[in-house]
Amino acid sequence: SEVEQSYIMIKPDGVQRGLVGEIISRFEKKGFLLKGLKLFQCPKELAQEHYKDLSERPFFPKLIEYITSGPVVCMAWEGAGVVASARKLIGATNPLQAEPGTIRGDLAVQTGRNVVHGSDSADNGKREIALWFKEGELAQWESVHTPWLIE
Ligand code: DAT
Ligand code: MG
């Protein structure tokens, strides 16, 4: 599969509950490359733009209130197949339906408090990373682990 990037975000409940290290470590251990990382208090307009496809849904106002209720951790992760793989690591939208072993399956109980976001396509990965990170906030680097992860 293609090298691509996924926008992964630890939501305010994940930060408040002290799950930042736990969640980051799942992507780190899997073997993806961390290209961007910051703690950030999200303005309402940005949350609305990020979730614009859901703007007609009844839960939209509560979703925006939740995402802006405290700091989030913004991340850009890179790798071949990272978008679909990250969605698997994260698990189903409803944490009660998410498989054990997934982040939501292990760490959450409600859709409205599902601790983490992951892009649903490579195109949205690009769009969301451009939305949440300024130019210069992404690092250009190679990991010494790469030759031990990719033949
Ligand atoms: P996902 O985050 O798994 O990609 P999504 O893109 O369909 O799910 O929705 C984005 C977020 O909106 C989701 O993580 C939680 C919230 N949400 C989705 N459906 C919901 C619902 N039926 N009730 C309340 N919140 C919902
Ligand atoms: Mg989504």
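Predicted model: local features only at pLDDT ≥ 70, side-chain atom pairs only at ≥ 80, totals over all residues.
**Exercise 1. Work out how the rings of Tyr7 and Phe133 are arranged, and which parts of the chain they tie together.**

*Solution.* Start with what you need: a pair of aromatic rings is described by the distance of the centres and the angle of the planes. For tyrosine 7 and phenylalanine 133, the centres sit 6.4 Å apart and the planes make an angle of 80°. Rings pair if their centres lie within 6.5 Å, and planes over 60 degrees apart count as edge-to-face, so this pair is edge-to-face.

Tyrosine 7 belongs to strand β1 (residues 3–10), while phenylalanine 133 is in the loop between α7 (122–132) and α8 (146–149), so the pair ties together parts 126 residues apart in sequence.

Finally, check burial. Tyrosine 7 is buried at 0% relative accessible area, and phenylalanine 133 is buried too, at 6%.

**Exercise 2. Find which residues the ring pairs link into a cluster, and what sits over the ring of Phe40.**

*Solution.* The count of aromatic pairs comes to 4. Follow the ring pairs and you get a cluster of Tyr7, Phe40, Trp132 and Phe133. Now look at phenylalanine 40: the charged end of lysine 38 sits over its ring, 4.5 Å from the centre.

**Exercise 3. Which residues of helix α2 are buried, and what do they pack against?**

*Solution.* Go along α2 (residues 20–30) and pick out Ile23, Ile24, Ser25, Arg26 and Phe27 as buried. Then trace their contacts: the buried residues of α2 pack against elements including β1, β2 (33–40), β3 (72–80) and α5 (82–90). Just past the helix, glycine 31 has a positive phi of about 120°.

Technical notes: Residues numbered from 1 in each chain as written. Chains lettered and ligands numbered in written order. Heavy atoms only, no water. Phe/Tyr/Trp six-rings, centres within 6.5 Å; stacked < 30°, edge-to-face > 60°. Helix = DSSP H or I, 4+ residues; strand = E, 2+ residues; numbered from the N terminus. Buried < 20%, exposed > 50% of the residue type's maximum accessible area, 1.4 Å probe, protein only. Lys NZ or Arg CZ within 6 Å of the ring centre and 35° of its normal. Contact = heavy atoms within 4.5 Å.
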